[in-house]
Amino acid sequence: MDRRNNRRDAEGWSVVTANRLLDGRIVWLDAQGKWQLTISHAHLFLNDGMEDVLRNQNARAAVDEVVGIYGVQVEQTPHGPCPRTARERIRAAGPSVHAEFTPLWQPAPAAVSGS
């Protein structure tokens, strides 16, 4: 079971996220099974199939060098997937620190809309 999101709607969409072992960065699973740095590249999975997706990705975690794999419910928007919870919108937008203290490798924050 997806411990982080055990109240997933029966219908709707989710994306898969994790943290990269090398540097702790938040990553998102794309349609080719590769981990990307932005949620805009994340593949949308139907909620009713997420348990199988997560089971498969957790089995690959060591090979992919990621930890903490879980699903995030999203809404489809014209700008891409938008997480339904404030916590995940913050994670998707990047660090919530002043730009002066943001690591140089961090992409510029993207505007993340949501309810």
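This is a predicted model: local features need pLDDT of at least 70, side-chain atom pairs count only at pLDDT 80 or more; totals for chains, interfaces and linings use all residues.

Me: Okay, let's start with Glu 88. Where does Glu 88 sit, and is Glu 88 buried or exposed?

Reply: Glu 88 is part of helix 3, which spans residues 86–93. A residue counts as buried when its relative accessibility is under 20%. Glu 88 comes out at 5%, so it's buried.

Me: Which side chains does the side chain of Glu 88 make polar contacts with?

Reply: One is the side chain of Tyr 70, at 2.7 Å. Another is the side chain of Arg 87, at 2.6 Å.

Me: How do I work out which side of a helix faces inwards?

Reply: Start with the general idea: an α-helix has 3.6 residues a turn, so residues three or four places apart point the same way. Now for our case: the buried residues of helix 3 are Glu 88, Arg 89, Arg 91 and Ala 92. They're on the same side of helix 3 because they cover an arc of only 160° around the axis.

Me: What covers the buried residues of helix 3?

Reply: The cover includes strands 1 (13–20), 2 (26–29), 5 (66–77) and 6 (80–83).

Me: Now the strands. Which strands pair with strand 1?

Reply: Among its partners is strand 5, antiparallel over 7 bridges; here Arg 20 stands opposite Val 66. Strand 2 also runs antiparallel to strand 1, joined by 3 bridges, and Ala 18 has Val 27 as its bridge partner. Strand 4 (residues 45–46) pairs with strand 1 in the antiparallel sense too, over 2 bridges, with Phe 45 as the bridge partner of Ser 14.

Me: What about the hairpin of strand 1 and strand 2: how many residues lie between the strands?

Reply: There are 5, and in that hairpin Gly 24 takes a positive phi near 80°.

Me: Last one: which residues make up the largest nonpolar core?

Reply: That core has 12 residues in all, including Val 16, Trp 35, Met 50 and Ile 69. Strand 1, strand 2, helix 1 (50–59) and strand 5 each give two or more residues to this core, and helix 1 gives the most, with 3. To see some packing, click on Val 53, which touches Val 16 and Phe 45. Apart from this core lies another, of 8 residues, among them Ile 39, Tyr 70, Val 72 and Ala 92.

Key. Residues are numbered from 1 along each chain as its sequence is written. Side-chain values use heavy atoms; hydrogens and water are left out. Helices (H or I, at least four residues) and strands (E, at least two) are DSSP runs, numbered from the N terminus. Buried means under 20% relative accessible area, exposed over 50%, partly exposed in between (1.4 Å probe, protein chains only). A polar contact is a pair of N or O atoms within 3.5 Å; within protein, one must be able to donate a hydrogen and the other to accept it, and residues adjacent in sequence count only if both atoms are side-chain atoms. The arc is that of the directions from the helix axis to the C-beta atoms. Contact means heavy atoms within 4.5 Å. Two strands pair if DSSP finds at least two bridges between them. A nonpolar core is a set of buried Ala, Val, Leu, Ile, Met, Phe, Trp, Tyr and Cys residues joined through side-chain atoms within 4.5 Å.
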